[in-house]
Structure formats: C-alpha cells, structure tokens
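Please look at the sequence and the model first, and then follow the text alongside them.

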Amino acid sequence: MLQRLRLTLDVLWRELAKFGVIGLISFVIDLGGFNLLVSGAMEHKITTAKLVSGAVATVFAWLGNRYWTFRHRRNRPVHHEVVLFFVVNGIALAVSAGWVALAHYAFHVHGRLELNVAAFIGIGFGTLFRFWAYRRFVFAHEPDVADLPGDTGDEQYDGPAAPGDAAQSDVAADRKSAKTAG
C-alpha cells in the first residue's frame, strides 16, 4: 500500500513538473504577446489583446500537455479532448481577461507595470483552475496505479503492455527510475 501511494505521488509530481514547464512557456507566450499587442496594434484594446495572447498560449499549452505532460494517460478521442481542453481554457482565459478588465476599467490601472501585474495575477488564477480541471476532466482517464503493469509489489516492468504502447512504456520507465532512485 505504501508503494502504491509512493507511485501515485511520483506520477503526480512528474505531471506537476511537466505542467509547470508547459505553463512557464505558455506564460511567456501569453504575457509577451500581450505586451507586444498593447505596445502596437491593440494599444487601446487591452481586453482584446489579453484574449488574443491567451488564445495563442492556449494552443501551445494543449499541444504540450497533450503530447508531453499527460501523454501517459488513456485519453478520450482527440476531438473530445480538444473540446474539453478549450472549454476549460476558455473559462480560465475569461477569468484572466476578466481580472485584467476589472483592474483596467474598474480600478483604473493604466501603467505598463500595473497592467503586467494584473495580467500575472489573472494568469495565476487561471493556472490553478487549469491544473485542477485538466486532471479532473480533460486528461482524466488514467488507470489506477495498481492496474498498470509492473505495480504488483517490487516487480519491475521493462516494456510496454502491448506492442507500440509508448505511453505505457513511458510511465513504466518513470516508475522504474523512481524505484531505483528510492
């Protein structure tokens, strides 16, 4: 039972770390794009600039999370996953853009530094929601740790469950390295 808990926490930690890397890159795309847009073509369209930069970052985030962070999960058909992903990100983007709009229009935040702080806070709120929703709804079809091959005590799993099953192989390799490290 302790081994099972350790493996579950190891998977969670790896997902969180990968999610963080994708999130950091998406953050740079989002905030960098926002600054480029409000410095140029959308100087007087703060909320629109935030929506555009957030949408570009969202496309990158889907690709990174789908094909790297959560690649080991048994996924729904891609078209279902894409719809769920973009619904979750649409909600998170609305939270982020809503925060920027509130700061700009209600609190009269106009300076570049203040707008960036507002965008940063909004992205933070959206990120907390995203991680929870990705694990809960979008990439939710991971088998129980005990159901994966190689999790029957101290046995080591050295290959995929079926020929060509690279996702299961990645999880098994992560688990094998965690077992040998600890």
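## Contacts around N116

Leaving aside neighbours within four places in sequence, N116 is in contact (heavy atoms within 4.5 Å) with L31, F34 and N35. This is a predicted model, in which local features need pLDDT of at least 70 and side-chain atom pairs count only at pLDDT 80 or more, while totals for chains, interfaces and linings use all residues. Residues are numbered from 1 along each chain as its sequence is written, and side-chain values use heavy atoms, with hydrogens and water left out.

N116 belongs to helix α4, which covers residues 112–138; here helices (H or I, at least four residues) and strands (E, at least two) are DSSP runs, numbered from the N terminus. N116 counts as buried because its relative accessible area is 16%, where buried means under 20% relative accessible area, exposed over 50% and partly exposed in between (1.4 Å probe, protein chains only).

## The packing of α1 on α4

Helix α1, residues 2–38, packs with α4 at an angle of about 145 degrees, and the two axes are 10 Å apart. Such axes are lines fitted to C-alpha atoms, for helices over the stretch in contact, and the angles run from 0 to 180 degrees between N-to-C directions. On the side of α1 the contact is made by L12, E15, L16, F19, F27, D30, L31, F34, N35 and V38, and on the side of α4 by R112, L115, N116, A119, F120, I123, T127, R130, F131, Y134 and R135. Sorted by class, the contact of α1 with α4 has 13 nonpolar, 3 polar and 5 charged residues, with Ala, Val, Leu, Ile, Met, Phe, Trp, Tyr, Cys and Pro counted as nonpolar, Asp, Glu, Lys and Arg as charged, and the others, Gly among them, as polar.

Does the length of α3 agree or disagree with what its residue count predicts? The 29 residues of this helix, 78–106, should span 42 Å at 1.5 Å a residue, and the end C-alpha atoms are 40 Å apart, which agrees; the expected span is 1.5 Å times one less than the number of residues.

The buried residues of α3 are E81, F85, V88, N89, A92, L93, S96, A97, V100, A101, A103 and H104, and they pack against α2 (46–69) and α4. An α-helix has 3.6 residues a turn, so residues three or four places apart point the same way.

One of the buried residues of α3 is A101, which counts as buried because its relative accessibility is 19%. Not counting residues up to four places away in sequence, A101 touches T47 and A106. On the α2 side, T58 lies in helix α2 and counts as buried at 6% relative accessibility. Leaving aside its neighbours within four places in sequence, T58 is in contact with F85, F86 and N89.

G98 is also found in helix α3, but it is partly exposed, with a relative accessible area of 35%. R76, in the loop between α2 and α3, is partly exposed as well, at 22%.

| Residue pair | Separation along the chain | C-alpha distance |
|---|---|---|
| A101 and L115 | 14 residues | 9.6 Å |
| G98 and A119 | 21 residues | 9.7 Å |
| R76 and A140 | 64 residues | 8.7 Å |

Most residues other than glycine have a negative phi. H108 is found in the loop between α3 and α4, and it counts as exposed because its relative accessibility is 57%.

## The protein as a whole

The protein has 5 helices and 0 strands, and from the N terminus on its elements run α-α-α-α-α. Of its 182 residues, 38% count as buried. Among contacts with a separation of 6 or more, residues 24 or more positions apart account for 73%. The accessible surface comes to about 10000 Å², of which 69% belongs to carbon and sulfur atoms, the areas coming from the Shrake-Rupley method with a 1.4 Å probe and, for residues, with only the protein chains shown counting as cover.
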